[in-house]
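Welcome, and thanks for taking a look at this one with us. Please open the structure below and keep it in view as you read.

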Amino acid sequence: MADIDSVLNKLLDEARSADEPAAVLKSPELKALYKQIGSIDPTERADYGRRLNDAKTELERVVAERLAEMTDESVATIDITAPFDKNSGRPDLLPTDQGSIHPLMQEVEKVSDIFGRMGFQIEQSRELDDQFHMFESLNFPKDHPARDDYDTFMTKEADANGEALIAPAHTSTMQYRTLKKYKHKLENGEPIAAIVPDRVFRNEDVDARHEHTFYQVEGIYVSRGVNAGMLIATLQKFLEEYYGKKLEVRVNPFYFPFTEPSFEFALSCPFCGGQNTDCKVCSGEGWIELLGCGMIHPNVLKHADIDPNEYTGFAFGCGIDRLVMMKYGIEDVRHFHSGKLDFLKQF
Ligand code: PHE
């Protein structure tokens, strides 16, 4: 009958030098020790079982030690800080190219940085919201036809109010929350100044200029005596920083339920400045309609418990994909989500 101690010593020795130390845990010698439990005198069986379990624990500990030691040995031979040499093709390093931050994310950073320096705080939107934040809080009456302008994706399930949830179709869904969150600033004599750069979703027919998922940056500014001139100056300053050049801007009247007056804001083509009748970016018009904006509607302020007789504010919503496409002359918005490495590597 095999003796526990002699088997253990032999297996420990093996484990300490083996290339596959875990194999000793499945060795026939160890199995035999377990098999013979049945033939042990019943009065000694409990003691035998305990000793055998202790032996196995000891063996497992040594196996683990050996595995750790082997990992150390192999790590020591790879210098992970050494640059990969494509020509010599060093076998110990993977021939991967370095990844990079997605161009849209890089630009979201730049946009946030410019507004950050202008004193705007940065807020996040969400991927799913309710009808109150998408419509009611923004002064869209129930059943108002303007709700249809947004081609919203809705869930089949209803929320606690019995209404479908919505994948936000614009970052304006965050206006109510942002006004509420920073309302106390007004009482301290400070302005509310925040931007929301985040993802929005629309049930669009996808083509070179339209995506179902894209980025917007919402801007919200409220204080005493805010006027439309400040809105236009803020946007112009932002765009000149972003494109790194002087730009002309143009403002046309428009309609949004949550701003009054509302504007459509255009800038002189940063590519051709209106000088090239064949320009692909502005189609030779010299102007690019870039964003919607306006003075925050008194009803929106009232909803958030801000007195519109005391405070006024402006808001804007600008498509970031558009901004980036114009900056780099990207002709198709679908490139952003295509996962095409040839496209992504350029940034
Ligand atoms: N949310 C509007 C849109 O996506 C843009 C906008 C934002 C207009 C803020 C006015 C004020 O079309």
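## Domain layout

Taken over C-alpha atoms, the centres of domain 1 and domain 2 are 66 Å apart. Domain 1 covers residues 4-79 of the protein chain, and domain 2 covers 104-344. Do keep in mind that this is a predicted model.

Now to the ligand, which is found in the largest pocket. Two or more residues of the shell around the ligand come from each of β5 (213-223), β8 (287-296) and β9 (312-319). The largest share belongs to β9, with 3 residues.

If you like to think in residue classes, the shell around the ligand is made up of 7 polar, 6 nonpolar and 2 charged residues. There are 15 residues around the ligand, and those that come nearest are His170, Ser172, Arg202, Gln216 and Gly317.

For arginine 202, a polar side-chain atom lies 3.0 Å from an oxygen atom of the ligand. Glutamine 216 also takes part: an N or O atom in its side chain is 3.0 Å from an oxygen atom of the ligand.

On its own, the ligand has 330 Å² of accessible area, and the protein covers 93% of that.

Note on methods: Residues are numbered from 1 along each chain as its sequence is written. This is a predicted model: local features need pLDDT of at least 70, side-chain atom pairs count only at pLDDT 80 or more; totals for chains, interfaces and linings use all residues. Side-chain values use heavy atoms; hydrogens and water are left out. A residue is near a molecule or strand if one of its heavy atoms lies within 4 Å of it. A polar contact is a pair of N or O atoms within 3.5 Å; within protein, one must be able to donate a hydrogen and the other to accept it, and residues adjacent in sequence count only if both atoms are side-chain atoms. Accessible areas come from the Shrake-Rupley method with a 1.4 Å probe; for residues, only the protein chains shown count as cover. On a 1 Å grid over the protein atoms alone, a cavity is a set of points where a 1.4 Å probe fits but cannot get out, and a pocket is an open set with protein on both sides within 12 Å along at least five of seven lines; lining residues have an atom within 4 Å of a point. A molecule sits in a cavity or pocket if more than half of its atoms lie within 2 Å of its grid points. Helices (H or I, at least four residues) and strands (E, at least two) are DSSP runs, numbered from the N terminus. Ala, Val, Leu, Ile, Met, Phe, Trp, Tyr, Cys and Pro count as nonpolar, Asp, Glu, Lys and Arg as charged, and the others, Gly among them, as polar. Domain bounds come from an automatic or database domain assignment.
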